[in-house]
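Hi,

Here is the structure I promised to pass on. My notes follow below it.

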Amino acid sequence: MAQEHPDRLVAAYLKSRGYRQSEATFKKEAVVTPPTTWNGRGEASIPDFILFYNESEASNPNAYQRSYERLRKWVEDSIDKYKMELRKVLFPIFVHAYLDLVGRGLRDQAKSFIDSFKSDHTEFYGQDVQRLSAVTEPHHATENELAQTYRSNRFNVQMSRYSFELLLSYLQDNKFMLILRIVNEHISIFVENVLPDAAEDDDDLAAQLGLAGQPSHQLESFNKQKLLLGELPPDIPFLTDLERTIKEEAPSDVNELLEELQKVKKEPSADAPTIAYPPKRLLDIPAAIEELREARNRVQVTPMSPISICCYTFHNTYGSLQSLRLSPDASMIAGGFADSFIRLWDIDTGLTKGANSARADKSKDVVSSSDLGPARRLVGHAGPVYATSFSADQRYLISCSEDQTARLWSLDTYTNLVAYKGHNYPVWDVDFSPQGWYFATASHDKTARLWSCDHIYPLRIFVGHLSDVDTVKFHPNGSYVLTGSTDRTSRLWDIQRGECVRVFKGHNGAVQTVAFSPDGRTMASAGEDHTVMLWDIGSGKRLKKLVGHTGMVYGLEFSKDGTVLASGGADNSVRIWDVKKAETKEIGVKKDHSKALDRPSQSLLGAYPTKRTPIYDLRFTRTNILMALGAFTLD
Amino acid sequence: MTVPSMDDPSTQTSDGTFPVPPETQNTVPTASLSSTPQLSQLQSSSTLTATPTAHSGHQDGINPETAALLAAAAAHGRQDAVQLPRDAKLVSLMLQGMGIADYEPRVIPQLLEFMHRYVLDILGDAQTYAEHANHNTITADDVRIAIEGRAAHSFTSPPRREFLEAVATKKNAVPLPLIPEKFGVRLPPERHTLTSTNFQISVKRANPPSSSRHPPSFVSSNSMAGASHPTSPNGRHMGAPGTNSRASPQAPGRMGANTPTVAQAPSIYSAPPPMMPTMTAAKPSAGNDDDYDEEEGDDPMVQ
């Protein structure tokens, strides 16, 4: 018996290497009988097992296709109750089987494999499938970023105990060794002791599985870390100075201003963060008085009352306008261009100072009277400028670009003051802290970095995303940073420790933009999958999914009192959503999965289309007027 | 779009020219071509008959495949795809295969140029390696080494997550620096900002200093650094461009003699050249003036 083992191994080796003549000769001489079935009853010996594995599956190039096909058929034939959950595990098996085939150099089999089965997965993973179909040679698998991401991170799947046991027993009984190996190495299944939910919301699929860089069960506990989301404690000396100045100067609306000031002077809340910012000086007092005045004149935006939208359309940009940003007091627009210039327009003339003719309720009129004056041009970058951000006191502007730097510009002299170098790849987004002093950048190198104005090297590096970081935003209290990435997640980071404290999974496409509510407890994210999602930061749970856009969403902003959310995007429209109302699920209606995405959400308050202007940026002014900025696109 | 395709002289010889002049295929958008289907069909049939015959005689080894690709390109709706040279057709098919339906016509020449340049570089390197190994012809191994040699510089990808995490933990362990108690504009130290003056003013003097009112000539510090003057004791002010010129006593010394003229000079930059005269007042400049007076005749910087 022992004699047969090496003989069989040699025969298998010759066969797999294609030495046909030697194999025939050897078989004649050695009288080797290949094993037909593996009977588990006999002595379980490793050499036998390896032999069986080698001969029946590895040498057969079609093994992957056959076993995947059988598994798929079995999943489709199973009861509906378990089918939904079992389907979840098909995609990672598909990806890794394909990568295995490519890695072994079996080009034709890999091609036929992907062609036969990719149609199953186009709904959720269409883009990933397409990108992986470019991987056809073994060295492609090591160079392609997406393939490497899949190979080096475990894919999370969540399922109930019944489904999991069903799956495992099926795989083991039918000896799907290859698939078992894939499941073991590349997939992490989190088993819950719950019954499979037949009426499970298909939309939650993305939230439960996928790559997060973290195992799924850990995600739940990860999102339970304590956060300090309250407002910054008020700056008492500054507020007393402010009050005294108001009383001394006695402008016309002194009583209203004082009333407004009392609202600001609050006790620090229980979860106020303890982060230091530069104290405010006497220079900031006039600006603070203006802020109080605008807060006083704020229009109440409720779901019932119509909203005023003012849209600026930029013509003749020929596709070179990369980003638009409105300053906090709505007096300046900064536009970043592909020819590395930044243009600044002053729109203060006539619009904010009570020019009633320029506003229209419930619709957007392009302000025909104001052709904006000549723009100031900021020269300094060496590549297209992808984002800009104004400081809170409007004396500085930060811009970031494809030339891997972020630059600080003075808005008094319109010159470049500092160039911050630290990234080695294009920087996609930059955001100033609401209190000034710190700013954060998001880059292609999968990191976001925190900088302060007086250090030319970053202070914090936020590592955790699996793909490039597309957007970054500061929390209103200035001590947390939210990043959105192409790996379909958003993460919240604590800037003092530099650690990730929340992961928000749920999108089906890259997250292009994020926004915080003014009270800092809710956040919204939107992106390539045309949906806007509302999240509760404290618990990490998704509150709402807002469907309605038909194109990528570029801009998101909450109103100043946090009651409505405005979003604008590539489908040339601005949509207003209700934030506070809870969505009611229709009970008793069977979910039609194919059409689920076509029904617009119940929270949609209004959709305001432009003709051909995708909306790049949306800002609520301090008086709750919505300003939309877009570039006229002829396509 | 005159991209020479290195391995395809056949399209040129068979037709004499490319099937369509390069300019038109960039300027005519796809939509308008649909109005002239007959003309383009005629053109497409002519190109189809022309190119396969050319290829059948050409020994490039992929004739059946190329013919099949060209047939597929013709059958596809995109009119301009049919009128392109062979390489451009291949690129457009590759774009289709990756599911990219919408692209500017400029993309194809860009990709072709990139491919051409890359292949040229690699083959140049491979030839060097082949010569080094005393081969006459380039082998696959030479090409492989050439690719590996260049791969580290081009086509880099972001660092791996483990490495980044290690770096980040080290960096994030340092607490946030304290905010200094200072007034005014908070910026990094001057040598890291872009706010310092990067020019120096040189003054043209043909007459003795007391009666001169020549306009100063603005010379960048680069040229000043370049003009080497071995005997000059002013070597110190020919420092690196961009350093703070306030540190150099010589230029202010020079200006000291012409204070009235310089003060009237328009300052282009917001950074303060007018400060320089005041600095000179503070510095003892008598000795420096003598030096300048000596060499005014043969100063290379003066035009």
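First, a term: helices (H or I, at least four residues) and strands (E, at least two) are DSSP runs, numbered from the N terminus. This is a predicted model, so local features need pLDDT of at least 70 and side-chain atom pairs count only at pLDDT 80 or more, while totals for chains, interfaces and linings use all residues. Residues are numbered from 1 along each chain as written, chains are lettered from A in the order written, and side-chain values use heavy atoms, without hydrogens or water.

One residue to look at is A:Asp431, which sits in strand β12 (residues 427-432) of chain A. A:Asp431 is buried, at 6% relative accessible area (buried means under 20%, exposed over 50%, partly exposed in between; 1.4 Å probe, protein chains only). Its side chain reaches the backbone nitrogen of A:Phe474 at 2.8 Å. Leaving out residues up to four places away in sequence, A:Asp431 touches several others, including A:Arg325, A:Ser389 and A:Tyr438 (contact: heavy atoms within 4.5 Å).

Now the interface. Chain A puts in 47 residues and chain B 33. About 3100 Å² is buried between the two chains, with 61% of that from carbon and sulfur atoms (accessible area lost on being put together, 1.4 Å probe, summed over both parts). On the chain A side, β11(A) gives the largest share, 5 residues.

And how many salt bridges does the rule find across the interface of chain A and chain B? The count is 0 (a side-chain nitrogen of Lys or Arg within 4 Å of a carboxyl oxygen of Asp or Glu).

Cheers

Technical notes. A polar contact is a pair of N or O atoms within 3.5 Å; within protein, one must be able to donate a hydrogen and the other to accept it, and residues adjacent in sequence count only if both atoms are side-chain atoms.
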